Amino acid sequence: MCRSTKYQDKLRFLLLFSRQGKLRLQKWFVPTSDRERKKVIRDMIMLVLPRQPRTCNFLQWKDLKIVYKRYASLYFCAGLEEQDNELLALEVLHRYVELLDKYFGNVCELDIIFNFEKAYFILDEFLMGGEVLETSKFAVNVSMEQADTLQEVTQHFHHSFILHSLTLCLSVPLCVF
Amino acid sequence: MSDVVEKTLTALPSLLSLDSQPGSAKLSSNSKLGNLIRGITELTSKHEEEKLIQRELLLIKEQVSSPNTTMRQMKELMVRAIYCEMLGYGVSFSYIHAIKLAQQGNVLEKRVGYLAVSLFLNESHELLLLLVNTVLKDLQSTNLIEVCMALTVVSQMFPKDMIPAILPLVEEKLNHPKEIIRRKAVLALYKFYLIAPNQVQHIHNKFRKALCDKDPGVMSASLHIYLQLIQENPEGYKDLAPSFVTILKQVVGGKLPMDFNYHSVPAPWLQIHLLRILSFLGKNDQSTSEIMYEILDESLRRAEMNHNITYAILYECVKCIYTIHPKSDLLEKAAKCIGNFVLSPKINLKYLGLKALTYVVQQDPKLALQHQMTIIECLDHPDLIIKRETLELLFRITNDQNVTVIVEKMLDFLRISEDDHTTIDLVGKVAELAEKYAPDNEWFIDTMNTVFSLGGDLLQPDIPNSFLKLLSEGFDSVEEDKKLRLFAVNSYISLLQRDASKLPQRFLQVICWVLGEYSHLREDLEPDVIVRLLAKLLDMKSSSSETKCWVLMAMTKLCPGGAALALVHNVSETYSSSLDTMLRQRAQELEILSQDSELQAKVLPRSASMEPVEVDSSLSFLDGFVSEALAAGAAPYKPPHQRQEELSRSKALNLEPYGLSLPISMSSCSITDRQSPTLLSISSGLSGDSTDFSHKGSSTVLKLDGVKRLWGRDGYLAQKEPTEEAPRIEAASPVRSADQLGNNNSQTPTPTPTPECDQEKQQLASSLFVGLASQSSICLMGKSDQPSQRFRRKTKASGSSEQITNPLVFPSDGSDNLLYKNLLDSPDLDGSPPEQTPGLDAPNGACDAEEESTDADMKEIKTPPIRDEHVTAEASPHHDPDRSKDPSLTSHLPAELSALPHSKTTTLFSKQNLDVSACHVQKEDSVVLVVFISNCSDSFLQQIRLQVDSEELEVSCVSDSPSEELKSHSVAVCQYFLTVKRPSVHFDLSATVSWQPPAGSPLTTQFSYRLPLTAFIRALRLSTEEYGAKWLAFSHDTKQNLTLIQGGRDPLAATLDVLKRKLQLHVVEVIGVEAIVACCLQQDQPCLMHCRMHAGMLAVWLRSPVPDLPDCLLYCCQRALQEL
């Protein structure tokens, strides 16, 4: 009976896409079929991109609540269940951006494009099955670095060359602290 | 800003292409992914991108399958494959390689492999099985990173069936020295709990250990599990409430390490988890709530309004305060807090404030009154989501006084909404409000018209259904009914006279039905006119064939004369050659009935539209036809599930049997349901009868249970508004809200409205919030779970709650129950013990108890026991003592048990002047063993002790061991509650009695008593639907053929009768040669039985959630049938 008002403090999915509607990262926390995935991605981009600035960061889509936030050129967009706390989800997004920032140092969209696997690793440390696993910035970094120290120093930040030649929005830091 | 972006983007390809010039050649060769991404950016069309990616994929495919590819290259390839997949291209060829990479790579390669697997595969993907071994290996690795990776992937996706394989290893990790491993292990177990709760049941105590972990991270991870567990069973964790409160206190007090701070708020996620847990624990529980008040107060106080995250915490806090047992000053603070949310200029907070308000107004409608001006502003907010949320709030505060305004607002929103989901949802809400609170006929019909036209064909089908039901059933006053119907007819005629082609199909169908039924109420209008209007619908291109059927049916009912008859004839001719069978059938009916008005009047009696039709769901009227067909050699009909069952018997797989069964569930068919009558006619295969039947179905009201009825008899009486009240509120509320605004003006830069606009809003406010003040007397302290009592009031009692539950009388523990004055006054004055029949001593007697406790005894005793029995015994003092003993001992039964069925009293042993007998009494919910210890001697017996034990039964003593001493010729009565630990065919009780005769040493004797399973079986009353649902849910089953009781006309009925009588089974339904039967073992352990007559045998199939129960019950059935 309690199941009707079930709290599953859980994201259904997390999408990162650019202002041009290019998907940059996708994570599905509940099993979703390929078709459904494509539909959600399409719908999210269509719903979120036309939103005016200074409107609500929450949207209703089917039976889901959509929480999105724009950081520079990138939109972070999460789907959660109706009873969840939208404000909290917004902070989950923000915390993720902070973590990316901490790891990449002034993270920008290009970092995520070229190092998307790292972005996924950080996400995996931060959220486990859609639940917030690690809330401390410090700890996520430690476990990331642990893994990184093992990594040969190849192709580290290979986008940096682009950064030199471009002073464009893709390299605008996602968040300014 | 956006300009800059556009410019840079157009510049991007050229800039990127610079890099492929010689200077950056080194870099691009280094990074193939870089190349790919650059390549894509350069392209201008989707088509080119597709070509490029296809080329890339071919390349990747070639390389991954090459044996020379190193793992390092593989990792790089995998990253590229992930990228392509993100762009929406299929990379299924690489799945297996991702698994290989996770298996064989070094740590870093493995990591990418796991990532690829988790991104590519679904939980149910079969390839995941190949990952199990890798995970197993990595869980045992000494490398922490490998363990971490394995745990991460496990918590993301793992085949459910494989959980047992890794569970011990994950469990082990709970004791790992590294906290990050412990934390991940806890979350992995949480994941297991979500997908397969019974697999982790045994480690619940380990969760407690995790809760007490010294690392706050592990503790906070364990809260995920606790939140889930407590949500499912709050009662089981009440003892933890103080601990959770203490943890929250520490967190709020800033006792956690700084690491856990988020924007200087201590562990917000943890706080929110705890608040949610507390709200579950405190719900409807005053004493638990009381220990939380202090910390909730502190949380409210500590949370400074400076950051989103504190608002998130406050929101949870407010929700918690309104969920647990209320405390007035906390409620006040929470209300103020909501005020801050709602009045905030930040739109996100406003939204959350509205959401909180929506949650809270169910308990305290007054709160909405306080914020009425804000709510009205939100109603005009440019952001639709705010508007939508406001409507949600208004929906909760609707009453019969403000319904028109609120519904108008909702309809306004519906007109601009483009989202299907929102439309469906809102339309349903409007219809609900309209039915509940409609002030008058015109408004109701108009609103429903708008609902039908706006909702279009997205509408849930129950909305038109209940609308038509309402029209046809009517209310108390015939006059009122007539007015409503007439109004509907008028409104529909005028709709049809305009352009009907824009109307949705569903609406047209409603119109057809209403015109067919009630247009005769318009006496001034010839049926011809209506028929012409309807005929126009047939010619419309947009009309679906379903709608056309409705049109034809309406025409059939109208029975026109004169000119329209030719038209009707034309129509029926046109459609009687239609390809649609339904349409053809309707056309035929129309043809025949329009020519024979006598028949038409008989088939479609006008006045009978309100009389319920008895539906013969067993289709017994077809019996003759069926037997004829059978005699002619037709194969007997088998319902689908039986066919399936037989099919599955021949093959190996057992398919779900009840998925399609119970074919005709009448409660799901409704007046407007075009399908059901046809289904019936198809399954019966007899069209003549069924057309008749379907007519009845459409023109009159089926007697249906389970269809919700919202429109109460008093729906129309609400017109008399409490006029004295309204003005008072109108006067009071704006002032109040102005106050409110004034108080908070400092922080709300709300645009000051112009005076007229202001007035308008206040007017709106008074119309929106009217009636709330009077309603607000709903006391907070005694808040009920039902949010709105008004809704309840109007529902008609369905009269099906005839079930009378016997109040359970628990034996009072007064000593008079323990020791009964010996009513027998044993006639054997010589004091010698009653003679024993040989073979009645202990061991054999036990057997007797079982065998003789058939229902014959039970029934006999169901009549109140004859109190005078002992008189007869007295009157014939030289009666056989064994015979007289039974009824007389029965009279010693405690009063509250004496009226219940009990078994024959059996003498268990008789020795040394002490006589021990026993019987068991079947109470509604339990079985009570009653032991009679009679002292047959002339002297006192002392220190009598009785102990009863059993392996299969839980024995709890109701009345304690008999007193220390037993007077001569008196009887001591002991009662024991018996509950079944695990099912068995018989339950053996072993007992020890010890006593001390006046002269001599203490004596001890053992004896045993045996109860049959049937003593614990009770009838389980449920409906066929419930049965069907349960059947699928139960896992333990058994099947066997039993002998049918032959003789008599109906062997199935006879057999069922015996089972019903002897085992107290409840026959749920008999469908032809099949029957479904239900019973339960002491109330909470159901067992379902499905019987089918087959080849002279009764094939039974039992299912239960309790292991062994089906087998044991089957044995009992066998015995019961053999004993005849």
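Me: Which residue stands opposite B:Q947 in β13(B)?
Reply: In β13(B), the residue opposite B:Q947 is B:T992. Please keep in mind that this is a predicted model, in which local features need pLDDT of at least 70 and side-chain atom pairs count only at pLDDT 80 or more, while totals for chains, interfaces and linings use all residues. Residues are numbered from 1 along each chain as its sequence is written, chains are lettered from A and ligands numbered from 1 in the order in which they are written, and side-chain values use heavy atoms, with hydrogens and water left out.

Me: How many bridges join β9(B) to β13?
Reply: Seven bridges join β9(B) to strand β13, residues 986-996 of chain B, and the two run antiparallel. Strands here are DSSP runs of E with at least two residues, helices are runs of H or I with at least four residues, and both are numbered from the N terminus; two strands pair if DSSP finds at least two bridges between them.

Me: What else is β9 joined to?
Reply: Strand β9 (residues 941-950) is also joined by two bridges to strand β11 (residues 965-966) of chain B, again antiparallel, and the partner of B:L941 in β11(B) is B:L966. These strands belong to an open sheet of four, with antiparallel pairing and the order β11-β9-β13-β14 in chain B. Its edge strands are β11 and β14 (1003-1012), each of which pairs on one side only.

Me: And chain A, what is the strand order in its sheet?
Reply: Chain A has an open sheet of five strands in the order β2-β1-β5-β4-β3, with antiparallel pairing. The edges are β2 (23-28) and β3 (58-61) of chain A, each pairing on one side only. Over four bridges, β3(A) pairs in the antiparallel sense with strand β4, residues 64-71 of chain A, where A:K65 is the bridge partner of A:Q60.

Me: Back to chain B: how many helices and strands are there?
Reply: Chain B has 51 helices and 20 strands. Of its 1124 residues, 54% count as buried, where buried means under 20% relative accessible area, exposed means over 50%, and partly exposed lies in between (1.4 Å probe, protein chains only).

Me: Is B:I247 buried or exposed?
Reply: B:I247, which lies in helix α14 (residues 241-252) of chain B, is buried, because its relative accessible area is 13%. B:I247 touches B:L211, B:M219 and B:L274, not counting residues up to four places away in sequence, and a contact means heavy atoms within 4.5 Å.

Me: How far is B:I247 from B:P216?
Reply: From C-alpha to C-alpha, B:I247 and B:P216 are 9.8 Å apart in space, although 31 residues separate them in sequence.

Me: Changing topic, where is B:V626, and how exposed is the residue?
Reply: B:V626 is found in helix α35, residues 623-631 of chain B, and it is partly exposed, with a relative accessible area of 39%.
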